[in-house]
Each structure stands twice: as structure tokens, then as C-alpha cells.
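Open the structure in your viewer and keep the selection tool at hand. This short tour goes from stop to stop.

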Amino acid sequence: MLTKLFIHIHRILGLILCILCFSWFISGIVMIYHSFPRVSQEDRFTRAEILDTNGLPAIQDVLFRLPAKTPIHGLSLNNPYGDPVFSIGGGRQSVELYADTNVVAPVINYALCENRAARWCADRKITRVDTLRTLDQWIPLAHYKREFPIYKFYFDGPEKYQLYVSSRTANILQFTDSDNRFWAWFGAIPHWVYFTVIRGNQNLWTQFMYWACYLGMFMCFTGFVLGIRSYWLARRKGFLRSPYKKQWFKWHHITGFFFGIFVFTWILSGYMSMAPLPSWLFGKQDSRGFRQSPAERQAPSPADYALDYRKAIALTATSDDPVKTIEWTHYQGIPLYRLRTVSKEVTLDASTDTIRPFRITEEMILAAVKRLAGDSTTYSITKMNEYDNYYISRRRPLPLPVYKVTFDNKAKDCYYYNLESFRPVHYDTNGRWKRWLYRGLHTLDIKFLVERPALWTVVIWTLLLGGAVVSFTGIVLSVKYLKNRFIKFVKFIRFIKLSLIHI
């Protein structure tokens, strides 16, 4: 009875999910090399103009102009459209002030949007403009609705650029070309289910993805139970010999047995990329104290920087390598400037009125750890000259050496401090579980494989293709099942008609 129930459940869920699972695996291969198009910070930096110290105000005057009770964090200065602008905060909550008080804020209208679009693609001509009042495929997220109407500019040239500009702020929202649009249709869009009709409703998309994962994992579980049972019943015919005679059943059984666990863990890890760890299984942990670097709690006021930012810009820039952005930052309470020129990034110590490059030292790291631990928490420090399973990245090399600090507390907090990054990498018990359940299972971000890129590529391709074959054989069996059911239904209808005629 239970076997028949599992067969029906596996068949029904296969009918619903096999195409989705197949698209996940094939698009996963594409996602290794191509993601969803977006306007990156590098795109904005490349098109920004240089900073000229002439006419820049004192930082005290800038802070005086801020609205009352504005929290001063994330302060930076850049020149995106020809007039230097101070940005306070980040993301959609930022406040912007023109450096020159004589600059009149431009009227946000179509002419300004068109001008910024033309500047963005200076070597291309605008051929068409659409006014969007609904989301489209390349701006599918619900938060874009607040920017309506959105102007979509088309440009000439083989790249077929498309640029989205907000009519509310005249900011650049999205930028695509024919190449990244093509690969997105085979990669990010099916993989993340980035179809506008679903993705435009955050709650609908979240529930769809959650339930697809729930049902997918249960489908794998029933399939694996049935697969093992079939091998067990056929054990006398030979080791791991499939009892099925029909080819599609046989191949689905064999590939499902060998790749079924990976299909299950792939769906599970995909779910864990979106969902928090369930508290009923992993418990709740205090997010205070150890989750916050001491440097973040000791941010000095920009008014207390001894080194004038205008002097930092003037003495860092050269005629061949001008400064484009400057950011007010800090490390363990030490005021710093981070400047980006056309070719490099420079960090300056702003605690004195002299130009002095800043370098993190081992003594600073030890002081930060001691301050973080306090007097009540014991800890151990290990200097690592090679990566481990938590301090490693497949996409970019992380700095070495690194100081691994393990705290003897309930959450088993662990920090990785290096001599280049201002923020240490942090893990606690839940963070380690999250890392393995998502990055470990989904992208195989494992030290042994990451350090061997060729092997990683072979393994991930093999597993993804194996999962795709399992899903494809499921699609074929589903089509055959539906076809047989349809034929039986047609025969039944014909039988009813003949019966009625004879009556």
C-alpha cells in the first residue's frame, strides 16, 4: 500500500516539477559563466568624471547643510554627471548634496533623462525610446515600480544596448546588451524563475520557490526509496541491475539512483539560499556583540578628520591618474580616506594633517580581537598561510596570511582577520551550517575542489548533467504517461458514445 502511494506521489510530482528541475540543472551550467545583467559599481565608476578640488567646500559646511538628525555614515564624494555630489548613507536611503551650493538641482524631466542616457553610451546614438509603466523582463523586481514611468532607451550598434532611466530621479536603473540578454534567457531567468509575471510580486515569487523546493525534495525522497526498493527486489539478478526492461524507465532508474542524492541536495541548497535556518532544528542565537566588528562601533565624525579631504585628493591625483571618488571610512576608530583613481585604490590615514598611506598591522588585529573578547571570553588565535573550508572563495583570491580567531562562547564565533580587509569574515555555528547547506552543496565551494579549478569544473559539470539526465528521463516518462492516459480517455469516450448509440 505504501509503495503504491509513493509511486503515485513520485509520478504526480514528476509531472509537475520535472521540466522545472531540468531547467534548473541546464541553466546552472550557464550560470557558472553568465549571470543576470545589472548596472555594476564598476560601470558607474568608469563613466563618472574626475574630481577637481577647485570649489569644493570644507566638510564642516557640508555637514551643516544636512537635514536635522541625519545619521552620518557612508559618506562619499563622486562626480557622476559633471557636478560633484556628496552621498550620505547607502542604497535607496541615501541623501545627496551638491558640493557647489550654487548648483541648482536639475529639473527631473525627459530632457535630463535623455541627456544622461546619451552620456552613458556616448559612442552610440539613441534610435528609440519606450515609456514603461509596467515591469518588463530586465527590470522584474517590485521595487522598480516606484520609479514609474521608466524610460527605456535603445541604441544603434551591434551590441544593441538598452538603458533604463528613472523618470523620478533620472538615475540609471539597468543596462543590457544583446549578449548578456541572450545568456540570461538560458541562465539566470529560468534558474531564478525571473519571469516578470511571477518576479514582480515578491510574495508570490517567494512562495512559488519555497513550494517548488518542498515538493521537489519530497519527490526525490520518494524516488530514492522506490529506486532502492527496486534494486533490492532484483538483487538476485546481479549487483545494481535495474529490473526495468523499458529503456526510459531503466535509464531514469539508473541515473536517479546515482544522481538522486545530488538532485535532492541541489534543491535543498537552492532553498537554503533564500530561507533562514529553521530555529526548531538549529536553535536561536544571540545576534548582538560578536556579530559586529569593533571598528563599526567606533566611527569617527567626518568633522574630526585631521587631514582635509581636498588635500588628500590634490596630493593623490596626478595628471595621468586623476581621482574619481573619495570615501570617509575608518578602522578601529582610526579615520581613513579611501580614494579611487582611474587605475588604483589608495587608503590614507586621516588622523594627521600629512599624507600617509594606511596599512593594517598585526598589532591592530590583536588589539581588535582583545577589545572584541573583553575580559570574560577566552579565545585562541592561529596564523594561517593557506585557506581552509570557511576562508576561501572560488570567485576571487582572498588575502593571506589570515588570523583565525576562535572564541569559546555558546555560538562558537570565529573571525578571520587579514591585513587588507577592514571587515573580518565571521562565522558562528549557524553560519557554518548555512555555508555548508548553501555554498557547500550548491556551488561545491569546498577547499579541495576550489584549489583545483579543473577538477571543480569536471565535478560540477558531471553532477549538473547527471541531474539534467534524471530530469529529462522524467520528462519523457511524464509525456508517455500523459499520452497513454489521453489515449485511454479517448477510448473511454468512444466506448460511452457507442453505448449511447446502441441504447
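**Stop one: helix H11**

Select helix H11 and its surroundings: the buried residues of H11 pack against helix H3 (59–64) and against strands E1 (76–78), E2 (85–88), E8 (323–331), E9 (334–341) and E10 (345–349). The model you are viewing is predicted.

Which residues of H11 are buried? Pick out Tyr309, Ala312, Ile313 and Thr316, within residues 309–316. These four lie on the same side of H11, because they cover an arc of only 95 degrees around the axis. An α-helix has 3.6 residues a turn, so residues three or four places apart point the same way.

Now go to the start of H11. Show aspartate 308 and arginine 310. A side-chain oxygen of aspartate 308 comes to within 2.7 Å of the backbone nitrogen of arginine 310.

**Stop two: H8 and H9**

Select helix H8 (residues 202–233) and helix H9 (residues 247–272). Their axes come within 9 Å and cross at roughly 155 degrees. H8 and H9 are therefore roughly antiparallel to each other. The crossing of H8 past H9 is left-handed.

Show the side chains at the contact. From H8, look for residues including Tyr210, Met217, Phe224 and Tyr231. From H9, those in the contact include His253, Phe257, Phe264 and Tyr271.

Technical notes: Residues numbered from 1 in each chain as written. Predicted model: local features only at pLDDT ≥ 70, side-chain atom pairs only at ≥ 80, totals over all residues. Heavy atoms only, no water. Buried < 20%, exposed > 50% of the residue type's maximum accessible area, 1.4 Å probe, protein only. Helix = DSSP H or I, 4+ residues; strand = E, 2+ residues; numbered from the N terminus. Arc of directions from axis to C-beta. Contact = heavy atoms within 4.5 Å. Polar contact = N/O pair within 3.5 Å; in protein donor to acceptor, adjacent residues only side chain to side chain. Axes fitted to C-alpha atoms, helices over the stretch in contact; angles between N-to-C directions. Parallel < 35°, antiparallel > 145°, perpendicular 65-115°, else oblique. Left-handed = near helix turned anticlockwise from the far one by under 90°.
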